[in-house]
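Visitor: I have a new model open and I'm a bit lost. Could you take me through it step by step?

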Amino acid sequence: MKLFGLAAKETKVEQDLEFTFEPKKIGKGKQTIFDMSLIQSVYRDYLVTKTGYLVGIIEISGVNLELLNESEQADVFETYNAFLMTTLGDASAEQQQYLDMTIPVDFEEFLLSYKKRYLQEIEKEEPNQARSSLIASYIDDLASKTRTQEMSTKKHLLIVREKIKDKTFTSLNKKVTDLDEKTTQYINRLEDSFDSYDMQAKKLHSNEILAVLKNLINFSGH
(Lines give C-alpha, C1' and ligand atoms only; values in the text may rest on other atoms or scores of the structure.)
Protein backbone atom coordinates (compact mmCIF):
# COMPACT_ATOMS: atom_id res chain seq x y z
CA MET A 1 0.00 0.00 0.00
CA LYS A 2 1.17 3.56 -0.65
CA LEU A 3 1.95 5.85 2.25
CA PHE A 4 -0.72 8.56 2.45
CA GLY A 5 -2.05 7.35 -0.91
CA LEU A 6 0.71 9.35 -2.63
CA ALA A 7 3.46 8.15 -4.94
CA ALA A 8 6.96 8.94 -3.71
CA LYS A 9 7.66 11.25 -6.70
CA GLU A 10 4.43 13.22 -6.52
CA THR A 11 5.13 16.94 -6.02
CA LYS A 12 1.80 18.64 -6.79
CA VAL A 13 1.57 21.76 -4.65
CA GLU A 14 -2.22 21.73 -4.76
CA GLN A 15 -2.37 18.28 -3.10
CA ASP A 16 -4.18 18.47 0.24
CA LEU A 17 -1.57 17.47 2.81
CA GLU A 18 -3.71 17.71 5.93
CA PHE A 19 -4.64 14.62 7.95
CA THR A 20 -8.45 14.57 7.82
CA PHE A 21 -9.23 10.86 8.30
CA GLU A 22 -12.12 10.07 10.65
CA PRO A 23 -12.93 6.47 11.63
CA LYS A 24 -16.23 5.29 10.13
CA LYS A 25 -18.83 2.96 11.54
CA ILE A 26 -18.81 -0.62 10.33
CA GLY A 27 -20.92 -0.75 7.15
CA LYS A 28 -22.66 -4.09 7.73
CA GLY A 29 -19.85 -6.14 6.28
CA LYS A 30 -19.33 -3.96 3.23
CA GLN A 31 -16.09 -2.40 4.41
CA THR A 32 -12.68 -4.05 4.52
CA ILE A 33 -10.49 -4.10 7.64
CA PHE A 34 -8.24 -1.49 6.00
CA ASP A 35 -11.25 0.81 5.44
CA MET A 36 -12.07 0.70 9.14
CA SER A 37 -8.49 0.67 10.45
CA LEU A 38 -6.61 3.72 11.68
CA ILE A 39 -3.38 2.20 10.34
CA GLN A 40 -2.14 3.40 6.95
CA SER A 41 1.08 1.40 6.70
CA VAL A 42 4.30 0.26 8.38
CA TYR A 43 7.30 2.48 7.67
CA ARG A 44 10.83 1.86 8.93
CA ASP A 45 9.68 -0.21 11.92
CA TYR A 46 6.88 2.20 12.86
CA LEU A 47 3.14 2.37 12.24
CA VAL A 48 1.78 5.31 10.26
CA THR A 49 -1.81 6.16 11.13
CA LYS A 50 -4.39 7.82 8.89
CA THR A 51 -4.84 10.47 11.57
CA GLY A 52 -1.24 11.64 11.19
CA TYR A 53 0.78 9.86 13.87
CA LEU A 54 3.93 7.80 13.77
CA VAL A 55 3.65 5.01 16.35
CA GLY A 56 6.39 2.88 17.89
CA ILE A 57 6.09 -0.20 20.10
CA ILE A 58 8.50 -1.15 22.88
CA GLU A 59 8.35 -4.64 24.37
CA ILE A 60 9.16 -4.90 28.08
CA SER A 61 10.08 -8.11 29.88
CA GLY A 62 8.09 -7.17 32.99
CA VAL A 63 8.54 -7.90 36.71
CA ASN A 64 6.99 -10.89 38.49
CA LEU A 65 5.49 -9.28 41.57
CA GLU A 66 4.45 -12.64 43.04
CA LEU A 67 8.10 -13.43 43.72
CA LEU A 68 8.64 -10.19 45.69
CA ASN A 69 7.81 -9.32 49.29
CA GLU A 70 5.64 -6.30 50.16
CA SER A 71 8.60 -3.95 50.54
CA GLU A 72 10.03 -4.97 47.16
CA GLN A 73 6.61 -4.61 45.49
CA ALA A 74 6.27 -1.10 46.92
CA ASP A 75 9.71 -0.27 45.55
CA VAL A 76 8.66 -1.45 42.07
CA PHE A 77 5.62 0.84 42.07
CA GLU A 78 7.67 3.79 43.32
CA THR A 79 10.23 3.17 40.59
CA TYR A 80 7.45 2.98 38.00
CA ASN A 81 5.92 6.26 39.24
CA ALA A 82 9.35 7.91 39.01
CA PHE A 83 9.69 6.68 35.42
CA LEU A 84 6.29 8.14 34.54
CA MET A 85 7.22 11.49 36.04
CA THR A 86 10.49 11.66 34.07
CA THR A 87 8.80 10.78 30.76
CA LEU A 88 5.43 12.50 31.21
CA GLY A 89 5.56 15.06 34.00
CA ASP A 90 2.76 17.37 35.12
CA ALA A 91 3.06 19.84 32.22
CA SER A 92 3.94 17.36 29.48
CA ALA A 93 1.67 16.82 26.48
CA GLU A 94 3.28 13.41 25.93
CA GLN A 95 1.01 10.35 25.87
CA GLN A 96 1.82 6.70 26.49
CA GLN A 97 -0.23 3.55 26.18
CA TYR A 98 0.50 0.29 27.96
CA LEU A 99 -0.83 -2.95 26.54
CA ASP A 100 -0.73 -6.43 28.11
CA MET A 101 -1.42 -9.08 25.46
CA THR A 102 -2.06 -12.79 25.82
CA ILE A 103 -0.55 -14.46 22.74
CA PRO A 104 0.10 -18.07 21.68
CA VAL A 105 3.58 -19.42 22.37
CA ASP A 106 5.61 -19.55 19.15
CA PHE A 107 7.11 -23.03 18.73
CA GLU A 108 8.35 -22.46 15.17
CA GLU A 109 12.07 -22.38 16.03
CA PHE A 110 11.77 -25.48 18.19
CA LEU A 111 9.90 -27.32 15.43
CA LEU A 112 12.50 -26.43 12.83
CA SER A 113 15.29 -27.53 15.16
CA TYR A 114 13.68 -30.92 15.86
CA LYS A 115 12.88 -31.45 12.16
CA LYS A 116 16.53 -30.80 11.31
CA ARG A 117 17.66 -33.29 13.98
CA TYR A 118 15.17 -35.85 12.70
CA LEU A 119 16.43 -35.57 9.12
CA GLN A 120 20.04 -35.82 10.29
CA GLU A 121 19.20 -38.96 12.25
CA ILE A 122 17.36 -40.85 9.51
CA GLU A 123 20.03 -39.96 6.92
CA LYS A 124 22.77 -41.69 8.89
CA GLU A 125 24.20 -44.92 7.53
CA GLU A 126 22.92 -46.71 10.64
CA PRO A 127 20.05 -44.58 12.02
CA ASN A 128 18.96 -45.11 15.60
CA GLN A 129 15.28 -46.02 15.26
CA ALA A 130 14.48 -45.34 18.91
CA ARG A 131 16.06 -41.88 18.80
CA SER A 132 14.36 -40.90 15.53
CA SER A 133 11.00 -42.08 16.91
CA LEU A 134 11.53 -40.00 20.05
CA ILE A 135 12.38 -36.89 18.00
CA ALA A 136 9.33 -37.50 15.82
CA SER A 137 7.14 -37.63 18.94
CA TYR A 138 8.50 -34.22 20.02
CA ILE A 139 7.68 -32.81 16.58
CA ASP A 140 4.15 -34.20 16.73
CA ASP A 141 3.59 -32.82 20.23
CA LEU A 142 4.81 -29.31 19.38
CA ALA A 143 2.86 -29.29 16.11
CA SER A 144 -0.28 -30.25 18.02
CA LYS A 145 0.25 -27.48 20.57
CA THR A 146 0.75 -24.99 17.72
CA ARG A 147 -2.47 -26.05 15.95
CA THR A 148 -4.61 -25.92 19.10
CA GLN A 149 -2.98 -22.79 20.59
CA GLU A 150 -2.73 -24.81 23.79
CA MET A 151 -0.08 -22.64 25.44
CA SER A 152 0.01 -18.85 25.74
CA THR A 153 2.23 -16.17 27.20
CA LYS A 154 2.05 -12.47 28.09
CA LYS A 155 3.53 -9.57 26.15
CA HIS A 156 4.00 -6.22 27.88
CA LEU A 157 4.05 -3.36 25.39
CA LEU A 158 4.63 0.39 25.67
CA ILE A 159 3.24 2.38 22.74
CA VAL A 160 4.67 5.84 22.00
CA ARG A 161 3.92 8.25 19.18
CA GLU A 162 4.88 11.44 17.38
CA LYS A 163 2.58 13.77 15.43
CA ILE A 164 3.49 14.07 11.74
CA LYS A 165 3.22 17.64 10.46
CA ASP A 166 1.76 16.83 7.03
CA LYS A 167 1.64 14.21 4.28
CA THR A 168 5.16 14.67 2.97
CA PHE A 169 8.07 12.29 3.18
CA THR A 170 10.18 15.08 4.63
CA SER A 171 7.83 15.37 7.63
CA LEU A 172 7.57 11.60 7.91
CA ASN A 173 11.31 11.03 7.96
CA LYS A 174 11.78 13.86 10.45
CA LYS A 175 9.39 12.11 12.84
CA VAL A 176 11.17 8.80 12.31
CA THR A 177 14.34 10.47 13.61
CA ASP A 178 12.43 11.99 16.54
CA LEU A 179 10.77 8.70 17.45
CA ASP A 180 14.06 6.80 17.15
CA GLU A 181 15.48 9.15 19.77
CA LYS A 182 12.41 8.91 21.99
CA THR A 183 12.24 5.10 21.98
CA THR A 184 15.97 4.88 22.73
CA GLN A 185 15.53 7.24 25.69
CA TYR A 186 12.56 5.25 26.99
CA ILE A 187 14.40 1.94 26.70
CA ASN A 188 17.45 3.32 28.52
CA ARG A 189 15.34 4.86 31.30
CA LEU A 190 13.33 1.67 31.78
CA GLU A 191 16.38 -0.58 31.95
CA ASP A 192 18.27 1.84 34.21
CA SER A 193 15.29 2.31 36.54
CA PHE A 194 14.59 -1.41 36.87
CA ASP A 195 18.18 -2.60 36.66
CA SER A 196 17.94 -4.46 39.98
CA TYR A 197 14.97 -6.45 38.60
CA ASP A 198 16.78 -7.41 35.39
CA MET A 199 14.11 -5.80 33.21
CA GLN A 200 14.83 -5.70 29.48
CA ALA A 201 13.20 -3.58 26.80
CA LYS A 202 13.48 -3.47 23.01
CA LYS A 203 11.86 -1.71 20.07
CA LEU A 204 9.81 -4.03 17.90
CA HIS A 205 10.72 -4.36 14.21
CA SER A 206 8.24 -4.43 11.32
CA ASN A 207 7.59 -8.19 11.31
CA GLU A 208 7.13 -8.17 15.10
CA ILE A 209 4.68 -5.25 14.87
CA LEU A 210 2.67 -7.12 12.23
CA ALA A 211 2.55 -10.17 14.52
CA VAL A 212 1.19 -7.99 17.34
CA LEU A 213 -1.50 -6.56 15.05
CA LYS A 214 -2.42 -10.04 13.84
CA ASN A 215 -2.91 -11.26 17.40
CA LEU A 216 -4.96 -8.21 18.29
CA ILE A 217 -7.35 -9.06 15.45
CA ASN A 218 -7.31 -12.82 15.88
CA PHE A 219 -5.83 -14.63 18.88
CA SER A 220 -5.13 -17.75 16.83
CA GLY A 221 -2.83 -15.76 14.55
CA HIS A 222 -4.43 -17.11 11.35
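This is a predicted model: local features need pLDDT of at least 70, side-chain atom pairs count only at pLDDT 80 or more; totals for chains, interfaces and linings use all residues.

Visitor: Which residue of strand 5 stands opposite Gly56?
Guide: Residues are numbered from 1 along each chain as its sequence is written, and side-chain values use heavy atoms, with hydrogens and water left out. Helices (H or I, at least four residues) and strands (E, at least two) are DSSP runs, numbered from the N terminus. In strand 5, the residue opposite Gly56 is Val160.

Visitor: How many bridges join strand 3 to strand 5?
Guide: Two strands count as paired if DSSP finds at least two bridges between them. Strand 3 and strand 5 run antiparallel, and so do strand 4 and strand 5, where Leu99 has Leu157 as its bridge partner. For strand 3 with strand 5, the bridge count is eight.

Visitor: Which residue in the turn between strand 1 and strand 2 has a positive phi of about 50°?
Guide: These strands pair in the antiparallel sense over four bridges, with Tyr43 opposite Tyr46. They form a hairpin with two residues between them. Asp45, in the loop there, has a positive phi near 70°. The one at about 50° is Arg44.

Visitor: Are the residues of strand 2 buried or exposed?
Guide: Buried means under 20% relative accessible area, exposed over 50%, and partly exposed in between (1.4 Å probe, protein chains only). In a regular strand the side chains alternate between the two faces of the sheet. Here Tyr46 and Val48 point one way, and Leu47 and Thr49 the other. Whichever way they point, these four are buried.

Visitor: And Asp198, is that buried or exposed?
Guide: Asp198 is in the loop between helix 5 and strand 6, and has a positive phi near 55° although it isn't a glycine. Its relative accessibility is 59%, so Asp198 counts as exposed.

Visitor: How much space lies in the largest pocket?
Guide: On a 1 Å grid over the protein atoms alone, a cavity is a set of points where a 1.4 Å probe fits but cannot get out; a pocket is an open set with protein on both sides within 12 Å along at least five of seven lines, and lining residues have an atom within 4 Å of a point. Grid points are joined across faces, edges and corners, and the volume is the space filled by probe spheres set on the points. For the largest pocket, that comes to about 770 Å³.

Visitor: Which element gives the largest share of that pocket's lining?
Guide: Of 27 lining residues, the closest to the centre are Leu38, Ile39, Leu47, Thr49 and Leu213. Strand 1 and strand 2 are among the elements that give two or more. The largest share, five residues, comes from helix 6.
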